[in-house]
Amino acid sequence: MNKNIDRIIKKNKKDKIGHVSPSFYVTLSGYDGFKSVSNLKIVKDLKSKKFDNLLIPIHFSSHWILINIAVTSKTIKIYDSLNGQHPIISEKFINFLNYIGMKNFKIQYVNCPKQKNISDAGILVLEFVRCIVENENVSNIKVSNIAQIKQRLVK
């Protein structure tokens with residue numbers, strides 16, 4: 001996942017978009033997690049507004065979602081191809097941003113195309129990343145074209 005996100009961002013030469021590996025959320029959620037991740041360079045870059053967006057893929061219960069901390073709009077955008085609500089994750093990120101001094105962020109659940117099976121969530125997270133990087137609306141994603149999306153991602 002991390003390699004693919006890195007490739008999408010670099011391909012589009014977007015240096016105002018940062019990303020972390022899925023282990024970021026695991027660490028954030030652990031014992032003393034806020035303190036543990038607050039010293040990471042990526043968090044210091046986030047605080048200094050080096051990024052307009054910080055992308056955080058999260059894997060849990062055999063499903064992938066994407067968090068986008070949109071710094072300029074002070075919004076935590078949650079992309080889920082099952083359009084689920086994630087109050088624990090939302091609250092965790094609000095509290096973490098408050099902890100590092102980034103206050104007044106709001107939560108936005110992005111209306112995403114819904115996956116048609118149990119295995120396409122990861123592919124759709126990568127497609128959400130592409131849409132963010134290319135400034136395209138995720139509603140343009142055609143889940144019926146998942147085979148073509150997979151082909152494009154492996155190129």
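**View A. Crossing of helices H6 and H7 in the predicted model.** The axes of H6 and helix H7 (residues 146-154) come within 10 Å and cross at roughly 70°. Angles from 65 to 115 degrees count as roughly perpendicular, and H6 and H7 are therefore roughly perpendicular to each other. The crossing in which H6 passes H7 is left-handed.

**View B. Residues at the contact of H6 with H7.** On the H6 side, the contact is made by Ile 123, Leu 124, Leu 126, Glu 127 and Arg 130. H7 contributes Ile 146, Ile 149, Lys 150, Arg 152 and Leu 153. By class, six residues of this contact are nonpolar and four are charged, with no polar residue.

**View C. Crossing of helices H1 and H6.** Helix H1 (residues 2-11) and helix H6 (residues 121-133) have axes that come within 10 Å and cross at roughly 20°. Angles under 35 degrees count as roughly parallel, so H1 and H6 are roughly parallel to each other. H1 passes H6 in a crossing that is right-handed.

**View D. Residues at the contact of H1 with H6.** From H1, the residues that make the contact are Asn 4, Ile 5, Ile 8 and Ile 9. Their counterparts on H6 are Leu 126, Val 129, Arg 130 and Val 133. The residues of this contact divide into six nonpolar, one polar and one charged.

**View E. Leu 126 and Arg 130 of H6.** Leu 126 and Arg 130 take part in the contact of H6 with H1. Leu 126 and Arg 130 also belong to the contact of H6 with H7.

Key:
Residues numbered from 1 in each chain as written. Predicted model: local features only at pLDDT ≥ 70, side-chain atom pairs only at ≥ 80, totals over all residues. Heavy atoms only, no water. Axes fitted to C-alpha atoms, helices over the stretch in contact; angles between N-to-C directions. Helix = DSSP H or I, 4+ residues; strand = E, 2+ residues; numbered from the N terminus. Parallel < 35°, antiparallel > 145°, perpendicular 65-115°, else oblique. Left-handed = near helix turned anticlockwise from the far one by under 90°. Contact = heavy atoms within 4.5 Å. Nonpolar A, V, L, I, M, F, W, Y, C, P; charged D, E, K, R; others polar.
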